[in-house]
Amino acid sequence: MNKVQNNRAWFLILPVFVLVAFSAIIPLMAVVNYSVQDSFGGGVWIFVGTEWFESVLADERLHDALGRQLLFSGLVLAIQIPLGVMIALTLPTRGWLVPLCLIVLALPLLVPFNVVGTIWQLFARVDIGLLGHTLADLGIEFNYTDDPLHAWITVVLMDVWHWTPLVVLLCYSGLRAIPPAFYQAARIDGASRYATFRYIELPKLRGVLTIAVLLRFMDSFMIFTEPFVVTGGGPGNATNFLSIVLTNWAIERRDLGPAAAFSIIYFLIVLLICWMFYTAITRIGQADKR
Amino acid sequence: MKAVRPSGLALTCYLILLMLPLYWLIKMSLQSNEDILGTFSLLPVNPSFDNYITIFTDSSWYLGYVNSLTYVLMNVTIVLLVALPAAYAFSRYRFIGDKHMFFWLLSNRMAPPAVFLLPFFELYHAVGLFDTHIAVALAHCLFNVPLAVWILEGFMSSVPREVDEMAYIDGYSFPRFFVTVFLPLVRNGVGVTAFFCFMYSWIELLMARTLTLTDAKPISVTMTRTISAAGLDWGLLAAAGTLTLIPGALVIWFVRNYIAKGFALGRV
């Protein structure tokens with residue numbers, strides 16, 4: 001769509017700008033302030049330059065946490081996006097089943113983060129949980145508090161349970177927006193099910209998939225409450241993700257300088273990866289059009 | 001009657017798996033703590049509504065729901081009020097810095113909430129909003145406003161420009177055009193956006209916990225604090241968890257048709 005040049009459009013943006021600036025710029029400035037200063041208590045601050053950044057960048061624990069975080073987000077996206085698209089393709093398109101399926105699907109999305117944690121604690125425990133107990137009956141010693149692998153399975157499973165429906169809902173809406181004429185044309189051409197998906201459905205899903213991939217990446221990369229409730233970052237450091245480390249530094253240890261420097265680096269990493277995803281998806285879209 | 005297709009079977013299996021953890025939560029909410037820890041059973045043993053009665057008769061519990069709903073509804077209202085004109089501007093006009101502005105907005109969605117906890121605490125203390133509903137509603141705007149602008153812009157771009165031009169030729173002023181002509185056309189988008197904002201604000205815990213103490217304490221925080229105070233009462237916790245599902249279920253009921261009608265988001 002060709003847009004009209006009109007700088008008065010800024011007046012429409014202004015409320016958003018003021019609102020978000022209040023919540024974003026002032027706190028961000030505070031974080032920047034902390035990141036370059038050291039405090040000896042009593043409100044005395046000393047400028048330390050890039051010292052915190054250097055120490056944070058060299059911190060082994062953070063490298064490990066970043067590795068875990070990337071692995072987690074990668075796993076989560078690799079499972080949720082294909083699964084979500086597949087489920088969306090199998091959903092009914094008309095009849096009384098539609099609202100029923102949508103509501104059942106959306107229920108996990110509206111569970112507060114810590115309740116998700118509680119649910120999975122209850123569900124995965126060996127003594128009182130359905131999952132843990134059933135596995136124990138099958139002869140598998142499932143113990144997410146001791147075994148790092150089991151902790152990982154629990155945390156990934158929990159995220160898949162919680163967020164796959166988001167991908168499904170977005171993709172379902174995207175599929176419903178495809179005019180029936182497209183499918184008729186495909187049928188006349190004798191297109192296979194796969195060809196219909198690849199050349200009609202997938203390109204039309206680009207918009208919703210961009211949102212799904214970016215949202216899922218951002219949220220999985222910033223995950224805090226769910227693993228915190230279920231595993232508390234353990235066993236050992238097995239599920240100690242970036243946000244858990246950061247909150248530990250900033251709130252419990254009150255190491256403001258390193259925590260702030262860490263925050264800024266964290267933010268930049270999220271920004272960078274989101275930009276990469278966005279560019280990649282747009283490029284694929286342009287290649288498809290040729 | 002058609003035979004059951006494999007895809008239908010897969011879907012049914014998925015939906016059942018999706019419901020299992022929720023079933024387990026509801027099952028536990030109907031039991032006392034002793035029964036939960038004492039015996040393992042698929043159906044509730046000695047089912048009773050005692051846990052729910054505790055929650056509905058204790059104001060420190062049920063006020064949590066009131067607080068949560070208050071700030072969530074405030075947030076959805078504020079977000080829609082500011083995001084609708086902004087999304088319209090982004091979808092219709094080119095102006096100085098439009099792309100940068102859009103990207104800056106989105107970048108706020110990418111800021112890890114953990115980054116902002118301490119500055120938020122200090123900022124809202126400084127402006128005297130600490131422990132009020134509006135503080136949480138404003139803080140949640142940080143991630144909901146960018147998302148709302150993003151989604152709404154997608155919906156608005158699919159409305160042809162001719163609609164705007166026709167309205168101006170007919171002599172509509174901008175506010176009148178926006179409310180009476182344009183809004184009804186993007187009704188779906190407003191519904192879907194409201195759903196997303198409600199969802200993210202309702203499930204968020206970190207900021208809500210940091211910005212409240214007693215007067216505006218959300219239900220999710222009430223739950224975590226009870227754990228540390230009185231040991232773990234799984235039954236009560238499960239009942240409180242079950243009740244957090246209800247507002248969400250109502251919201252889905254209202255927007256189900258908007259989702260079923262379909263949206264593509266993004267120009268084809």
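Predicted model: local features only at pLDDT ≥ 70, side-chain atom pairs only at ≥ 80, totals over all residues.
Two residues are in contact if their C-beta atoms, placed from the backbone, lie within 7 Å.

View 1. Among the contacts in chain B between residues at least 6 apart in sequence, 82% join residues that are at least 24 apart. Chain B has 13 helices and one strand, and, when the chain is read along its sequence, these elements follow the pattern α-α-α-α-β-α-α-α-α-α-α-α-α-α. The C-alpha atoms of chain B fill a box of roughly 75 × 65 × 30 Å along the principal axes, and buried residues account for 47% of the 268 residues in this chain.

View 2. When residues up to four places away in sequence are left out, B:Y258 touches B:N188, B:G191 and B:V192. Although B:Y258 and B:N188 are 70 residues apart along the chain, their C-alpha atoms are separated by 5.1 Å. B:Y258 counts as partly exposed because it has 19 C-beta neighbours inside 10 Å, whereas a buried residue needs 20 or more.

**View 3. The bend in helix α1 of chain A**. Helix α1 of chain A runs over residues 10-35, and its end C-alpha atoms are only 33 Å apart, while a straight helix of 26 residues would span 38 Å at 1.5 Å a residue. This helix, α1(A), bends by about 45° at A:A21.

Definitions and conventions: Residues numbered from 1 in each chain as written. Chains lettered and ligands numbered in written order. Helix = DSSP H or I, 4+ residues; strand = E, 2+ residues; numbered from the N terminus. Expected span 1.5 Å × (residues − 1). Bend = angle between axes of the 7 residues up to and from the residue. Buried ≥ 20, exposed ≤ 12 C-beta atoms within 10 Å, placed from the backbone.
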